[in-house]
Amino acid sequence: MTGVLAQMSALILCGMALQRLQPLGIDPERLRRAVTGLVFNALLPALVLSALWGAGAHPQGWKISLFGAATVLFGLSAALCLDRALRLDRRQTGATLLGIAFSNVTFLGLPVLERLFGPELARPIVIQIDLFSTAPLVFTLGVYIASRYGEVRANLSTALRALLLNPPLWTAFAAMMLGDFDIPRPAVLEPLLETAASAVAPLMLLALGLGLRWNSWRKENTRLVALASGLKLIALPLFGLSLTHGLGIAGDTRAALVLEAGMPSMLLGIVYCDRYRLDTGLYAMLATTTTLLALVSLPAWHLLLGTFIGSPA
């Protein structure tokens, strides 16, 4: 696991270097948006098609979706307890809720799980938990939270449009329908889909490095970020571990889901904080901190999972 994350960290560092050095005067934020746009609109649908067409959804799909939703709700509950203990202001509360509840299940989760468990196991799990659990909650519950605690009211139609105009989601539906009608995948598409799918993970890691914000550190937020990071990287995976036991999920699938529960805060939250005028600096600090700490916590969780449930080392 340490070797896997070391290789992945190199790509994150490349993104950080591009953000810092800005070669040829390239704006790092525009570059990040271009990379994520390419991944989201073209390469990720190819990965979804490659993973689901013919193979179908994960056999424990409904349990995985339930796991994803329950983890988000547990994160919200933990964040609300933290809010009550520290008596945060509204903008801090909204940023903390988003930062603890919603994880980087795809941009970091997919590369990690692919390297640990292989594409055949990792891709269906990530697709199921992202497209049929986390993403719908981000575009609905996440928007509601940002609007309720921010200074800008949400436009419901905009949120629903973002959910409905989701290329990976519609690709997943199309792939499953093609499988249900026993339409075989043409052999000529195999190398094209695999080439596109294999580019998703490295580009996601590059975009992750481009998205980290190093100017967001504020001394007054240190205690809050430390406590929120503990909930994010320790409490949520512990909850995920107990939940997988209750759902009867075992083996590598269980290990993969627990690691997904321990992923850092999603970077999309920074966009939400900017748009709805939450505490963007706090959220950026939390996202950056949890991403860096995850490089230590994820190997630790993988080691513990290998010890207690027999996940491969």
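Me: How do the residues of the lining of the largest cavity divide by class?
Reply: They divide into six nonpolar, four polar and one charged. Here Ala, Val, Leu, Ile, Met, Phe, Trp, Tyr, Cys and Pro count as nonpolar, Asp, Glu, Lys and Arg as charged, and the others, Gly among them, as polar. A cavity is a set of points on a 1 Å grid over the protein atoms alone where a 1.4 Å probe fits but cannot get out, and lining residues have an atom within 4 Å of a point.

Me: What kind of model is this, and how are its residues numbered?
Reply: This is a predicted model, in which local features need pLDDT of at least 70 and side-chain atom pairs count only at pLDDT 80 or more, while totals for chains, interfaces and linings use all residues. Residues are numbered from 1 along each chain as its sequence is written, and side-chain values use heavy atoms, with hydrogens and water left out.

Me: Which residues line that largest cavity?
Reply: The lining consists of Phe67, Gly68, Thr71, Val72, Ala101, Ser103, Val105, Ile129, Thr134, Glu260 and Ala261. Two or more of the lining residues come from each of α3 (61-86), α6 (119-149) and α12 (251-261). The greatest contribution, four residues, is made by α3. Helices (H or I, at least four residues) and strands (E, at least two) are DSSP runs, numbered from the N terminus.

Me: How much space lies in it, and how many cavities does the search find?
Reply: The largest cavity holds about 80 Å³ of space, where a volume is the space filled by probe spheres set on the grid points, joined across faces, edges and corners. The search of the whole structure finds two cavities of 30 Å³ or more.

Me: And what lines the second largest cavity?
Reply: Its lining includes Leu44, Leu47, Val48, Thr106 and Asp130. The volume of the second largest cavity is about 50 Å³. Helices α2 and α6 each supply at least two residues of this lining, and α6 has the largest share, with four residues. By class, there are eight nonpolar, one polar and one charged.

Me: Threonine 106 is in that lining. Why is it called buried rather than exposed?
Reply: Threonine 106 is called buried because its relative accessible area is 8%. Buried means under 20% relative accessible area, exposed over 50%, and partly exposed in between (1.4 Å probe, protein chains only). Threonine 106 lies in the loop between α4 (90-101) and α5 (109-117). Leaving aside neighbours within four places in sequence, threonine 106 is in contact (heavy atoms within 4.5 Å) with Pro111, Val126, Asp130 and Met204.

Me: Now phenylalanine 40: where does it lie, and what does it contact?
Reply: Phenylalanine 40 belongs to helix α2 (residues 28-52). It is partly exposed, at a relative accessible area of 30%. Leaving aside neighbours within four places in sequence, its contacts are Pro45, Asn166, Pro167 and Pro168. Serine 77 is 37 residues from phenylalanine 40 in sequence and 30 Å from it in space, C-alpha to C-alpha.

Me: What about the largest pocket, and which residues lie nearest its centre?
Reply: A pocket is an open set of grid points with protein on both sides within 12 Å along at least five of seven lines. The largest pocket has a volume of about 1,300 Å³. Its lining has 49 residues, and those nearest its centre are Arg32, Thr36, Leu267, Leu268 and Val271. The elements giving two or more residues are α2, α6, α7 (156-164), α10 (200-211) and α13 (268-276). Helix α2 gives the most, with ten residues.

Me: How many disulfides are there?
Reply: The search of the whole structure finds zero disulfides, a disulfide being a pair of cysteine sulfur atoms within 2.5 Å. As for individual cysteines, cysteine 14 is partly exposed, with a relative accessible area of 41%, whereas cysteine 273 is buried, at 1%.

Me: And the whole chain: how many helices and strands?
Reply: The protein chain has 14 helices and zero strands. Its radius of gyration, taken over C-alpha atoms, is 19 Å, close to the 20 Å that the globule rule (2.2 Å times the number of residues to the power 0.38) gives for 313 residues, so the chain is as compact as a globular protein of that length. Buried residues make up 53% of the 313 residues.
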